[in-house]
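Open the model in your viewer and set up separate selections for each chain. The tour below goes through one interface, stop by stop.

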Amino acid sequence: METVVSRGVILGMWLVGLLGGGASGASAQQASGTRYRPVTAGHVRPFYLAGVADTGVRVPGFQLAERAVSNAEFLRFVKANPGWQRSRVPRIAADPAYLRHWESDTVLGVATVASAPVVHVSWFAAQAYAEWRGARLPSTAEWELAASRFVRSVGPTPERLQTFLLGSYAQAGTEAIPSKTPASDEGIVGLHGGPWEWVDDFNSVVTSGESRGDGTPDDGLFCAGGAALTADPGNFAAFMRYAVRGSLRGSYALGTLGFRLARDASPPSGRSPQ
Amino acid sequence: MNRPHIPLRHRVATLMFGMLVPLLPFAACRAQGAGAVPASGLSEHSLYRVTGRWTNFDGRELNLAELRGEPVVLAMVYTSCTMTCPLITSEMLAVQRALPAEARARVRFVLASFDPARDSVGALRQHAEKMALDGRWLVLRASPADVRRLAVLLGVSYRQLPSGDFDHSNIISVLDPQGVVTFQSPRIPADRDALVKAVSAVARPSLRPRR
Amino acid sequence: MHRSSSTPVAWHRTPAVALTLGLLVVAACTSADSATRDPLADRPSGAMPVETLQVAYAPAVPAPITRRTPAKLVVNLETREVKKRLADGVEYTFWTFGGSVPGPMLRVRSGDEVEFHLNNHPSSKMPHNIDLHAVTGPGGGAASSLTAPGHSSQFTFAALNPGLYVYHCATAPVGMHIANGMYGLILVEPKEGLTPVDREFYVMQSEFYTAGRHGAAGVQPFDMEKALHEDPEYVVFNGSVGALAGENALQAKVGETVRMFVGNGGPNLVSSFHVIGEIFDRVHTEGGSIANQRDVQTTLVPAGGSAIVDMRLDVPGTYILVDHSIFRAFNKGALGMLRVDGDANAVVYSGKQNDVVYLPEGGAVQAMPRVAAAATERELPREELLARGQQVYAANCAACHQLGGEGTAGAFPPLARSDFLMANKDRAIGVVLHGLSGEVTVNGQKFNGVMPSLGLSNTDVAAVLSYVRTNFGNRASDLVSLRDVARVRAAGSGGH
């Protein structure tokens with residue numbers, strides 16, 4: 001009798017140990033899995049048109065993370081990939097502002113909110129994180145498509161969205177917390193009002209810093225098929241987003257710039273498969 | 001031309017050294033994915049820390065880090081471009097001709113394509129023949145993600161148009177043997193004297209990778 | 001040279017020679033002129049001395065340049081987005097050069113080389129750049145200086161033309177960057193310097209387009225519609241309402257010659273710049289390099305432009321700076337002050353010597369033409385009486401005594417908490433019925449004006465007095481009735 005009980009106890013402890021080990025092993029990379037929201041297909045007119053006949057691109061449906069990558073999530077990444085820690089990352093991949101708001105390489109510090117969007121990350125770091133999570137960065141067209149859908153919270157007209165955006169962009173620094181800004185119609189949080197976000201092709205803005213001309217890109221600097229006309233010169237909010245993207249280099253780690261993950265559309269499953 | 005007499009053992013040693021040195025980065029590389037931080041000794045500003053897999057017009061696959069050890073003049077173009085891309089290439093050819101002979105033997109000229117969809121290996125080879133590019137030239141293609149990565153490293157902007165053509169910067173970059181960008185020419189027509197000067201500066205024999 | 005075989009001619013007298021000599025003289029004059037006109041002519045062949053470029057924040061101006069040779073000047077200008085006061089109770093998120101609106105004033109000499117470092121503070125949300133109107137080159141520097149937050153750009157330019165130039169941010173959307181406060185002035189002195197004056201000031205006008213109306217409290221966002229329609233809520237000097245008023249007034253002394261470097265950041269409006277009580281002795285119209293006009297009352301300052309005005313101060317007092325599109329001055333904030341201390345000069349300005357009421361028909365109290373009496377004079381119930389009284393007050397009394405009964409200092413006595421009004425009810429009725437002239441003392445202040453008889457019906461008199469005596473802090477225990485008014489009227493005109 002005692003032998004059976006003691007064997008059972010030992011077996012039970014084994015099972016617990018296995019499950020616990022398995023669980024913690026899985027959580028090393030998964031922990032809180034990224035929740036993605038489907039973004040239905042749509043049509044996006046790029047802000048800088050390539051000639052008047054440019055009617056834009058059709059963006060197929062895809063999945064976009066409900067929230068931007070947080071400090072806590074990025075911390076897990078750098079712990080698992082020490083080459084991306086602040087003191088070890090080469091300057092070609094991230095400039096001196098990289099993760100400067102953290103207390104140290106692997107400590108957020110009391111001043112940093114773990115669940116807030118991580119900022120001070122370079123494009124290369126964001127790409128590496130996305131790859132680690134089996135995902136990618138959204139393209140500009142994908143991001144702009146998802147960010148244009150705010151009818152439910154802001155109102156149906158482009159003007160209402162414009163007013164809302166200019167109001168939120170007017171906040172100095174990064175005071176606006178994404179949790180206080182409305183979610184998009186598709187349930188994505190923090191696209192506006194929080195930090196700017198990296199896109200995969202941020203360097204697709206083919207204009208110089210001098211943006212007041214007739215729209216013709218400087219022929220010497222660029223090999224360009226036509227004028228870089230603006231689709232919507234009254235859309236100041238879009239101007240601002242594109243101006244930010246146009247000023248960036250891949251190693252820049254701005255304090256007002258974070259990122260979120262995207263995936264191609266896949267069978268319905270809210271959570272990351274990892 | 002008189003060739004100096006070099007003992008056989010010296011030649012073997014040099015040959016082995018020449019073969020082994022480029023392999024050092026791979027020996028020290030930690031497998032961490034495409035964003036790998038490899039090799040000891042590479043400057044932290046070197047492009048070769050963050051590059052992908054490319055295929056040359058002769059079918060050979062290479063990591064750009066294999067260019068380490070030689071100065072490089074690099075631009076991004078696409079073969080069906082009829083506007084400034086041919087001018088970029090001829091600018092680089094002119095720079096090559098303007099270099100003194102010993103420098104010319106050391107400098108590598110690289111064209112990387114924006115357009116892997118249409119620039120197959122065959123298309124790249126045709127382009128190399130058409131532009132009469134000699135053995136110092138590479139004409140490369142890679143996946144769209146690796147193309148984007150290289151462009152970002154170089155500060156080159158580009159986007160594909162509905163027609164399939166590309167708008168892109170006309171930047172020509174000069175890399176030292178460590179893979180650090182030392183000079184960029186932003187426009188076409190370029191300041192050829194400045195380009196030649198910049199290339200000569202990194203082609204000097206004293207600039208060999210140390211450590 | 002082929003010689004003619006004819007007799008020698010007095011060659012120095014031929015028209016050809018005269019013409020040639022004339023041309024040579026003209027050429028010499030022109031080339032001499034172009035030598036002095038070429039700003040880079042006196043650059044040394046070797047390295048130039050390197051100095052820090054002098055800047056100052058409005059209303060101060062950097063000191064005049066005493067150097068008479070070119071130099072290389074290094075300047076660091078930071079762009080920063082800051083939230084601060086636009087008006088009392090009103091805040092705005094300004095985008096600034098140097099943390100202030102306008103940005104600092106730069107001062108260089110024609111021919112100087114300027115090494116410009118544009119530093120964008122890491123807390124900025126937007127990239128910024130700079131277009132200096134003094135720069136000859138694409139975009140005035142804007143193409144070379146687009147700078148992301150937390151980064152710095154550098155470019156170098158030569159200051160060629162002398163004059164007073166605006167600089168501003170030119171990042172898309174340009175209108176918004178300017179509308180949020182990104183502008184300032186750069187003065188390029190001519191090589192020989194400007195005519196010396198005793199005092200210099202830096203004044204820059206601009207507009208702000210807020211979502212809320214003028215005075216609406218709180219942090220106001222930028223309103224794009226108003227900006228597109230060129231309909232600002234605020235038009236101000238030096239970046240906020242009252243930046244040059246009260247304690248912040250400009251100070252000078254009698255006898256001094258004062259120079260104002262006046263800029264207009266816009267983004268939209270042209271300014272009609274005027275200093276009330278002064279005349280501009282010399283004006284560099286549009287900030288050009290010649291003082292091309294004298295004795296000017298009001299000078300135009302274009303949006304994105306400037307003017308330089310000199311004036312000699314002869315009389316002490318407070319001079320008001322305005323944009324003479326006058327509603328901007330009094331209703332939107334385009335008002336500043338220059339306080340001048342010193343001895344009075346009665347010859348130039350005597351001050352008020354006499355103040356009598358000008359009445360073309362004579363000195364007696366005038367009566368408004370009597371309106372047809374109200375259909376029926378009747379006693380109104382309290383509520384209706386007071387409501388009627390408020391209407392009558394607004395229509396007849398408020399223009400002089402103000403809607404709150406506070407009156408106008410020096411002209412019309414207050415009705416608020418008025419001892420004169422409340423002391424004697426019948427007297428008050430008499431004043432409204434018959435008017436009043438002569439000196440009275442109200443709440444300790446003397447007034448010596450004329451109040452006309454307003455020709456109101458008895459009902460209206462009862463109503464307005466009941467209203468006034470129970471409002472504006474006055475506490476009457478009883479109202480004024482129709483019977484009271486009738487009684488006083490019957491007693492005859494008894495105005496003091």
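Which side chains meet in a salt bridge with an N to O distance of 3.8 Å? Select Glu131(A) and Arg149(B): their side chains form that salt bridge, at 3.8 Å from N to O. This is a predicted model, and the count of salt bridges between chain A and chain B is one.

Next, look for polar contacts across the interface of chain A and chain B. Five residue pairs are found there, with both residues of each pair at pLDDT 80 or more.

Now colour chain A by secondary structure. On the side that touches chain B, at least two residues each come from β3 (48-50), α3 (123-132) and β7 (222-223) of chain A. The largest share of that side belongs to α3(A), with four residues.

Zoom out to the whole interface. Chain A contributes 33 residues to the contact and chain B contributes 37. Between them the two chains bury about 2,800 Å², with 56% of this area on carbon and sulfur atoms. Select Ile92(A), Asn203(A) and Cys223(A): within chain A, these lose the most area to chain B, together 24% of what that side buries.

Where is the bridge partner of Phe222(A) in β7(B)? Select Ser169(B), which is that partner.

How values were computed
Residues numbered from 1 in each chain as written. Chains lettered and ligands numbered in written order. Predicted model: local features only at pLDDT ≥ 70, side-chain atom pairs only at ≥ 80, totals over all residues. Heavy atoms only, no water. Contact = heavy atoms within 4.5 Å. Buried area = accessible area lost by both parts, 1.4 Å probe. Salt bridge = Lys/Arg side-chain N within 4 Å of Asp/Glu carboxyl O. Polar contact = N/O pair within 3.5 Å; in protein donor to acceptor, adjacent residues only side chain to side chain. Pairing = 2+ DSSP bridges.
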